[in-house]
Amino acid sequence: MNQHKVVRLLPLAVTALVVAACGGGGGGGDMGPPPPAANTAPTISAIAGKVSDQDMVIGPIDFSIGDNESDAASLTVSATADSTSLIPADAITVAGSGAARTITLTPLEAMTGTVNVSIAVADPQGATTTRTFGVTVNARPASILEWSLTTFAKAENDEVTVMNGYTFEQDADDPAIFEPLIGMGEE
Amino acid sequence: MSFTKQRLVAAAVASLLPFATLIHPAWGSSHREAPNIARMPTLDSTDFYLFNSYEPGRDGYVTLLANYIPLQQPYGGPNYFALDEAGLYEIHIDNDGDARENLTFQFRFDNRLANDGRGIKLNINGPQVAVPLKNVGGVTAGDNSALNFRESYQMWVVRGDRRRGNAAAVTGTNGGTVFGKPYDFVGTKTFGSVDAYKAYANSFIYSVNVPGCNAPGRVFVGQRKEGFAVNLGKVFDLVNLVPVEGDSAPGAGDGGGFPGGITQSRANNQVDDANVTTIALELHKSCLTGSGNGVIGGWTSASLRQARLLNPLPTFSRPEVDGGPWVQVSRLGMPLVNELVIGLPDKDRFSASEPKFDGQFATYVTNPTLPALLDVLFRGAVNQTLGTNIANLAPNNFPRNDLVTAFLTGFAGVNQMSTVTASEMTRLNTGIAATAAADQSNFGVAGGDLAGFPNGRRPGDDTVDIALRVVMGRLCYPLTLGGNSVDLKLCAPANAPVGNVPFTDGAPVSAADFDTKFPYLTAPLPGSGGY
């Protein structure tokens with residue numbers, strides 16, 4: 001949070017310093033040496049909100065960074081999500097180099113919901129810019145009954161039925177549904 | 001492809017390239033190594049051996065042993081340890097280095113009751129009543145009439161992809177396709193004696209014809225004494241021992257080694273009282289090598305049908321209904337990989353994965369956690385004991401190319417295939433002549449025995465000790481191969497402060513612990529009676 005305060009306050013302080021050095025207020029006199037250039041905060045490209053089904057890796061999402069005073073390679077990039085119950089810190093991977101960076105998100109297994117992911121880029125002088133985008137992870141419902149019957153109908157060497165990425169609905173509570181498969185009822 | 005030891009050593013020295021050399025650190029076995037397979041012991045592969053047959057008169061043959069059902073207590077009656085007739089047990093061979101099976105040997109089992117499935121019955125004052133036991137009298141090779149539980153299996157060879165390739169039935173010398181499996185060694189009263197059980201079990205060794213192979217092979221499936229040796233309980237109790245050789249020489253008992261270090265003793269082998277179930281196959285190498293350079297990679301797996309419906313009114317033959325495609329639930333090539341390398345969240349996925357997909361697990365090898373755990377456990381004690389100030393016991397060469405090479409490729413000139421695809425399997429050069437049992441080194445290649453681990457794996461290779469040493473950086477130090485000092489150049493001694501320490505779990509194993517003929521693993525321990 002302190003970094004955020006720096007982002008807001010630093011331009012004001014620099015502005016005041018420049019004004020004073022230039023004799024702001026109308027007095028004349030020597031101009032003196034030129035003042036140091038003001039440090040500007042780095043930039044991050046916009047990132048559109050993301051919508052994904054559950055149990056899917058989101059990304060890598062491309063974004064670019066830059067800075068007027070520093071080489072992009074010297075910028076530090078970090079990212080956080082405001083809900084670690086969906087996207088914990090170790091589920092965020094920032095990669096890339098120079099101006100071209102990527103972020104990859106791996107939501108926790110079987111979890112759904114909406115989070116805001118914030119990417120912060122800091123320059124060597126400490127100025128920081130943050131960009132936030134929303135991520136929505138939706139459930140993919142699946143019928144246990146349908147899945148089961150589909151799978152039973154496959155042959156030994158067929159492709160397996162993929163299960164990850166679905167929320168299974170218990171719609172097969174009645175054991176009688178499967179009696180034809182077992183072929184034996186209690187007399 | 002024919003090799004001499006001299007040529008091999010020269011080749012090994014000459015090929016010191018990343019991914020080109022090394023020693024496979026298969027540290028042992030994989031008993032109950034992952035959460036999901038621990039729920040299914042009948043499908044749990046525990047060890048996989050692959051070696052050039054050293055039984056006299058079997059030059060040119062290769063033996064493959066896949067062990068299942070871990071930690072069998074011999075007295076585990078009355079049901080003992082039958083293989084799962086719902087399972088598909090497989091041994092896979094890659095002979096061209098693409099990490100995909102070229103050959104698969106499939107085994108499926110059938111367990112039935114005697115008396116045409118009705119079971120042995122006794123007349124109890126009129127009614128015929130089924131007995132509750134799997135045998136009701138003595139059993140011999142020539143008379144199994146008192147055996148109530150009959151186990152058999154069929155075997156196929158699949159060329160190409162294991163699911164889409166061409167499958168053909170393996171036949172016996174009489175043309176039959178059904179082979180018997182001996183009943184477990186319930187005790188010496190049932191079988192008469194240990195020797196009688198051996199004779200009984202040996203009657204289930206079959207000569208078989210494998211379609212596409214010019215020479216007949218041999219097959220056996222049955223219970224064996226656990227061949228793996230490990231200080232299991234203490235290892236997993238935060239290594240509750242000092243895992244360094246405590247004597248001046250293994251077994252010397254003179255305390256002349258590392259202060260407080262462990263003394264080699266069979267008593268340290270905590271699985272010495274257990275049995276396993278072995279699927280054993282011996283084939284001529286010409287049946288296995290294909291168009292490759294003579295090096296083959298092998299692994300075993302077990303699968304279940306994806307859909308299972310539990311029968312609320314189970315019968316002996318139908319406790320459930322299984323259907324759908326095969327789903328792999330167990331895998332073993334280089335043992336202990338899943339046990340101590342793969343992270344807990346991914347163990348079940350590894351069990352279900354195939355070598356061609358091993359890239360997803362690479363970080364566990366390049367940045368292993370086990371050395372860091374050993375550092376946490378022992379750094380303080382080591383520094384205090386030795387008066388040193390070692391900052392970290394774990395090797396610091398990241399990525400651990402020494403382990404990548406060890407786990408995922410092979411040793412150039414020894415057991416590397418013509419095409420190198422990083423993948424986890426046991427690699428054997430079928431062109432290296434077998435070493436007779438009496439001449440084997442239980443440290444395999446590191447012990448100057450090029451016919452041993454990591455060039456395949458024999459029952460007598462002490463893979464636990466080798467692996468402990470490799471993971472702590474042994475390959476950062478020169479090896480002695482054929483009398484020559486060989487620097488693999490995968491890392492340097494400075495990377496591994498304790499890489500030259502003789503780590504050990506104190507549970508020795510050697511070729512002398514095993515038979516010298518197929519299936520090599522010894523007869524199982526009896527459920528009752530002496531061994």
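## A strand pair in chain B

B:Gly172 stands opposite B:Val208 in E11(B). On another strand, E12(B), B:Val208 has B:Gly217 as its bridge partner. The strand labels come from DSSP runs: a strand (E) has at least two residues, a helix (H or I) at least four, and both are numbered from the N terminus.

This is a predicted model, where local features need pLDDT of at least 70 and side-chain atom pairs count only at pLDDT 80 or more, while totals for chains, interfaces and linings use all residues. Residues are numbered from 1 along each chain as its sequence is written, and chains are lettered from A and ligands numbered from 1 in the order in which they are written.

## The sheet around E11(B)

Let's zoom out a bit. E9(B) and E11(B) pair in the antiparallel sense through 2 bridges; two strands count as paired if DSSP finds at least two bridges between them. E11 (residues 206-209) is also joined to E12 (residues 217-225) of chain B, antiparallel again, by 3 bridges. Here B:Ser207 has B:Arg218 in E12(B) as its bridge partner.

Both pairings belong to an open sheet of 6 strands in chain B, with the order E1-E2-E13-E12-E11-E9 and antiparallel pairing. Its edge strands, each pairing on one side only, are E1 (45-52) and E9 (171-172).

## A bent helix in chain B

H8 (residues 370-386) of chain B has 17 residues and spans 22 Å from first C-alpha to last, close to the 24 Å expected at 1.5 Å a residue. That expected span is 1.5 Å times one less than the number of residues. H8(B) bends by about 50° at B:Phe378, the bend being the angle between axes fitted to the seven residues ending there and the seven starting there.

Buried in H8(B) are B:Pro371, B:Leu374, B:Asp375 and B:Val382, and these residues pack against helix H10 (463-471) of chain B. After H8(B) comes B:Gly387, with a positive phi near 70°.

## Chain A overall

Chain A has 3 helices and 10 strands. Its domain assignment, automatic or from a database, gives domain 1 (1-38), domain 2 (40-138) and domain 3 (141-182). The C-alpha centres of domains 2 and 3 of chain A are 38 Å apart.

Of the 187 residues in chain A, 17% are buried. Among its contacts with a separation of 6 or more, 69% link residues 24 or more positions apart; a contact means C-beta atoms, placed from the backbone, within 7 Å.

## Where A meets B

17 residues of chain A are in contact with 15 residues of chain B. On the chain A side, helix H2 (144-152) and helix H3 (179-182) are the elements giving two or more residues, and H2(A) provides the largest share, 3 residues.

By class, that side of chain A has 8 nonpolar, 4 polar and 5 charged residues. Here Ala, Val, Leu, Ile, Met, Phe, Trp, Tyr, Cys and Pro count as nonpolar, Asp, Glu, Lys and Arg as charged, and the others, Gly among them, as polar.

Note on methods:
Contact = placed C-beta atoms within 7 Å. Buried ≥ 20, exposed ≤ 12 C-beta atoms within 10 Å, placed from the backbone.
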